[in-house]
Amino acid sequence: MSAEMSISLGPGPARRDALTRRIRLLVAVTIAYNVIEAIVAVTAGTTASSTALIGFGLDSAIEVSSAAAVAWQFSAREHTVREAREKTTLRIIAVSFLALAAYVAVDAARALAGTGEAERSIPGIVIAALSLAAMPFLSAAQRKAGRELGSASAVADSKQTLLCTYLSAVLLIGLVLNATLGWSWADPVAALVIAAVAVKEGRDAWQGKGCCAPTAAAVPSAGPDACGCRAGCGCRD
């Protein structure tokens with residue numbers, strides 16, 4: 001074997017336990033933040049008749065269920081039990097995404113057809129801006145730990161957190177355009193973007209795309225593979 005190749009068996013027991021604790025902490029923070037975000041967004045969206053804001057709030061609620069599913073998976077002390085729960089956790093995450101996409105798409109189409117017009121929402125703008133600032137850091141931390149641990153569900157949940165960042169940006173643009181220029185159509189259009197991204201992420205989670213369990217394989221030691229996973233962590237297609 002050349003000097004550029006190495007055998008990776010994944011993290012050892014001590015490192016795996018440390019990564020598991022880190023994921024549990026990140027999941028707990030995600031749940032706490034998104035509960036607050038969901039309440040604020042749905043309340044503000046209902047008040048302003050904003051499809052995008054309500055959809056964003058429901059995404060936050062779904063992200064809570066996704067994070068709770070990951071928390072359930074990692075509540076098991078035995079590594080083999082956590083692996084057995086992986087597929088179920090991914091299915092829960094996928095169904096959550098697709099349910100969100102269906103609801104938001106229908107409501108956005110209704111809004112574009114002229115049934116209801118969104119009003120300006122300052123609380124919505126504030127919560128979208130806060131999420132845009134906070135979510136990237138939370139997502140990156142969980143994705144890094146999930147990839148090193150070789151957990152597809154942790155990576156999928158981090159992608160849902162990252163989706164929240166994208167949705168925050170889309171929502172913020174839509175709300176600002178509506179508040180400053182009176183473009184009420186920007187709200188349902190932003191909601192449709194949210195639905196489209198949710199469909200993609202739901203499909204990826206259902207197919208198990210992401211890092212699978214670390215495998216004993218000869219891999220380049222220089223860096224991540226094509227999927228962005230660390231050395232020794234295969235990819236699911």
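In the predicted model, the buried residues of helix α7 are A186, D187, P188, A190, A191, I194, A195, A198, E201, G202, D204 and A205. The cover over these buried positions of α7 includes α2 (51-74), α4 and α6. Helix α7 itself comprises 22 residues (residues 186-207), which at 1.5 Å a residue should span 32 Å, and this expectation agrees with the separation of its end C-alpha atoms, which are 32 Å apart.

Two of the helices that contribute to the cover of α7, α4 and α6, also pack against each other, the axis of α4 (residues 86-112) lying 9 Å from that of α6 at an angle of about 20°. Because angles under 35 degrees count as roughly parallel, α4 is assigned as roughly parallel to α6. The crossing of α4 past α6 is left-handed. On the α4 side, the contact is made by E86, T89, L90, I93 and F97, which meet A152, S153, A156, D157, Q160 and L163 of α6. By residue class, this contact of α4 with α6 consists of six nonpolar, three polar and two charged residues.

Helix α6 (residues 152-181) also packs with helix α5 (residues 122-149), the two axes coming within 8 Å and crossing at roughly 160°. Since an angle over 145 degrees counts as roughly antiparallel, α5 and α6 are therefore roughly antiparallel to each other. The crossing of α5 and α6 is likewise left-handed, and the residues of their contact divide into 17 nonpolar, nine polar and three charged.

Definitions and conventions
Residues numbered from 1 in each chain as written. Predicted model: local features only at pLDDT ≥ 70, side-chain atom pairs only at ≥ 80, totals over all residues. Heavy atoms only, no water. Axes fitted to C-alpha atoms, helices over the stretch in contact; angles between N-to-C directions. Helix = DSSP H or I, 4+ residues; strand = E, 2+ residues; numbered from the N terminus. Parallel < 35°, antiparallel > 145°, perpendicular 65-115°, else oblique. Left-handed = near helix turned anticlockwise from the far one by under 90°. Nonpolar A, V, L, I, M, F, W, Y, C, P; charged D, E, K, R; others polar. Contact = heavy atoms within 4.5 Å. Expected span 1.5 Å × (residues − 1). Buried < 20%, exposed > 50% of the residue type's maximum accessible area, 1.4 Å probe, protein only.
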